Amino acid sequence: MESIKLHYDISATDFTRAGAASGDVKRVLKELGVAPATIRNVAVAMYEGEINMVIHAGGGEIDVEITEDAIQMILTDHGPGIENVELAMKEGYSTAPDNIRCLGFGAGMGLPNIKKYSDEFRIDTELGVGTTLTLKVYMS
Amino acid sequence: MENIFHSVRLDDEKCLGCTNCIKRCPTQAIRVRNKKAYIISDRCIDCGECIRVCPHHAKYAVTDHFNELLKFKYRIALPAPSLYGQFNNLDNVDYVLTGLKKMGFDTVVEVSKGAEFISDATRKMLESGELKKPVISSACPAILRLIRIRFPNLIGNILPLYTPLDFAARFAREQAKKETGLSDEEIGVFFISPCPAKQTEIKRPLCFTEQKVNGAFAIKDIYPVLLQTMEKLTPEELEPLNDSGIIGVGWASSGGEAAGLLKERYLAADGIENVIHVLEELEDEKLNDLEFIELNCCTGGCVGGVLTVENPYVAKARIQRLRKFMPVSCNGLPEKFTLDALGWTKELTPSPSMKLADNVIKAMHMMSQRREIEAALPGLDCGICGAPSCTALADDIVRGYAEKSDCVFFGLQAIRENPDWVPAPFREKNGTAKKATDDYANDFASAFIHNTPKEENDT
């Protein structure tokens, strides 16, 4: 099956570029003629993930694979890892520092939103090693 | 391809085939072929950016000729509020409105009057809770077209309501019929317009099955005659025609429409690049806390329209001064307003002309090819191939409208094989290019462009 693979390096501290990767994926999906609802789900989930990497993990990498059935996103970082995944998945829970909250981020909606907009959601995290999110949005 | 009317056109004679307009087109709708900058019809939103940036004045907007007035027994002028910002030291709008009457219109109805009705209708609709928020203004016709092409999933957020011009036209027409007993065909309603996209909207309405406006005259065309007429007016001759206030006239510049809603949670963006950024964020659901989004394609709002004569900021300053002497608003809707009375009569359909193919699998195949081609191109976005960027050239190649040797880097190889080779934008019909590429340039022209539209029929 044909697939389109996209790779993005997410910079650690550059907020002006945050969202560039998800914006690019959105453009590609539009050109492919993917259904608008699917594009929205991908854009929102990936943007949240991208921002999380910038805020918490010192950047990372995102690999996107588009097939005729689904869009898979693997977001890998080598940040601190998540201590309590259950807590992190709760809406409104946030460990973001004040300087990040000042920018309007850190509302504690990141992970819950990512899950909400994905059809498949998997989180692998290890303290001191990093976190990998594997997300899938089905083509509708 | 849609064979459709566009007001923005190319003047072949003046075009040198440079890269200014191809680079600045927000929908990447222009390509240089045969030394001319052709416009791709189904991507053009008639925003007029190319008119603004062309150093040779080779792009222009078609508006109606004054002779059109002769077709009607009774003629109505609908001046845009931006018209008021074109005159120095104006302290009474009645000079402008009386001047228009002296020029040969039987009556004048301000579009700003229509705007006050629409402001009221919008307030009522926002209160009703029936709209998907944030609501996007539908007043700018270039924005409607931009959303159809680049942001089709936001169509559901657009305010499905008459524009101020639509309302003013309907009001003026009904009033004229009542007063004169004439039929619809005998009454001519003409917009005095700052905007090429409005002309397109008049000829080919997107959200209405019929159009109540017969045509549009460009502010820049009417300005010299109107100015002369106004200078001759004595205060005794002035007719009390002004019937709109701060809210209505405020629509002339960016933020005016939103301010007229008397809400706090709104955003007003102007200038097409800024608007695109806002639409991107809206699409990602980052602006969900807003109630209303006003978007104007031109910098500064309608005062920045390419058919105006004055700098948008100067025009805005003048209108601010004029508004000082006006009441807040002169017009409101009757209490029992329903959307049926002022709603769209036709669904706004998406026109995703950026997509590669109708079928996702085929599109994916083309996308893979395009990425391969793009990787081989130099990435300089020089424009010598006639496309705005390397990505756009790669896109044209997979769609069959260009070839790799159009890139000057690959052209060097082509020259080795054929010393007569010239890059795509410089090829002439009977010039030095290969026969095959000549045909290709012609194919491109006939398949892709609308520089000389013959029919003005819709699809």
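**View 1. Helices α2 and α5 of chain A meet in this predicted model.** The axes of helix α2 (residues 36-56) and helix α5 (residues 110-117) of chain A come within 8 Å and cross at roughly 155 degrees; axes are lines fitted to C-alpha atoms, for helices over the stretch in contact, and angles run from 0 to 180 degrees between N-to-C directions. That makes α2(A) roughly antiparallel to α5(A), a label for angles over 145 degrees, while angles under 35 count as roughly parallel, 65 to 115 as roughly perpendicular and the rest as oblique. Helices (H or I, at least four residues) and strands (E, at least two) are DSSP runs, numbered from the N terminus. From α2(A), the contact residues include Asn41(A), Val44(A) and Ile51(A), and from α5(A) they include Ile114(A) and Tyr117(A); two residues are in contact if their C-beta atoms, placed from the backbone, lie within 7 Å. By class, this contact has 5 nonpolar, 5 polar and 1 charged residues. Here Ala, Val, Leu, Ile, Met, Phe, Trp, Tyr, Cys and Pro count as nonpolar, Asp, Glu, Lys and Arg as charged, and the others, Gly among them, as polar.

A word on reading the labels: residues are numbered from 1 along each chain as its sequence is written, and chains are lettered from A and ligands numbered from 1 in the order in which they are written. The model is predicted, and local features need pLDDT of at least 70, side-chain atom pairs count only at pLDDT 80 or more, and totals for chains, interfaces and linings use all residues.

**View 2. An open antiparallel sheet in chain A.** Look for 5 strands in the order β1-β2-β3-β5-β4; two strands pair if DSSP finds at least two bridges between them. At the edges are β1 (4-10) and β4 (120-126) of chain A, each pairing on one side only. On average, neighbouring strands are turned by 10 degrees against each other, direction ignored. Strands β2 (residues 60-66) and β3 (residues 70-77) of chain A share 6 bridges, and Glu61(A) stands opposite Thr76(A) in β3(A). Helix α1 (residues 20-32) of chain A packs on the sheet, touching β1 and β2, and its direction makes about 165 degrees with that of β1(A).

**View 3. A parallel sheet in chain B and the helices lying across it.** This open sheet has 4 strands in the order β6-β5-β8-β9. Its edges are β6 (107-108) and β9 (215-218) of chain B, each with a single partner strand, so one side of each is left without a neighbour in the sheet. Between β5 (residues 74-79) and β6 of chain B there are 2 bridges, and Ile76(B) stands opposite Thr107(B). Helix α6 (residues 164-180) of chain B lies across β5, β6 and β8, running at about 150 degrees to β5(B). Helix α8(B) lies across β8 and β9, at about 65 degrees to β9(B).

**View 4. Helix α3 packs with helix α8 in chain B.** The axes of α3 (residues 93-102) and α8 (residues 219-232) of chain B are 9 Å apart, at an angle of about 110 degrees. These two helices are therefore roughly perpendicular to each other. Residues of α3(B) including Tyr95(B) and Leu100(B) meet Leu226(B), Thr229(B) and Met230(B) in α8(B).

**View 5. Where chain B touches chain A.** The contact takes 19 residues from chain B and 18 residues from chain A. On the chain B side, α14(B) gives the most, with 7 residues.
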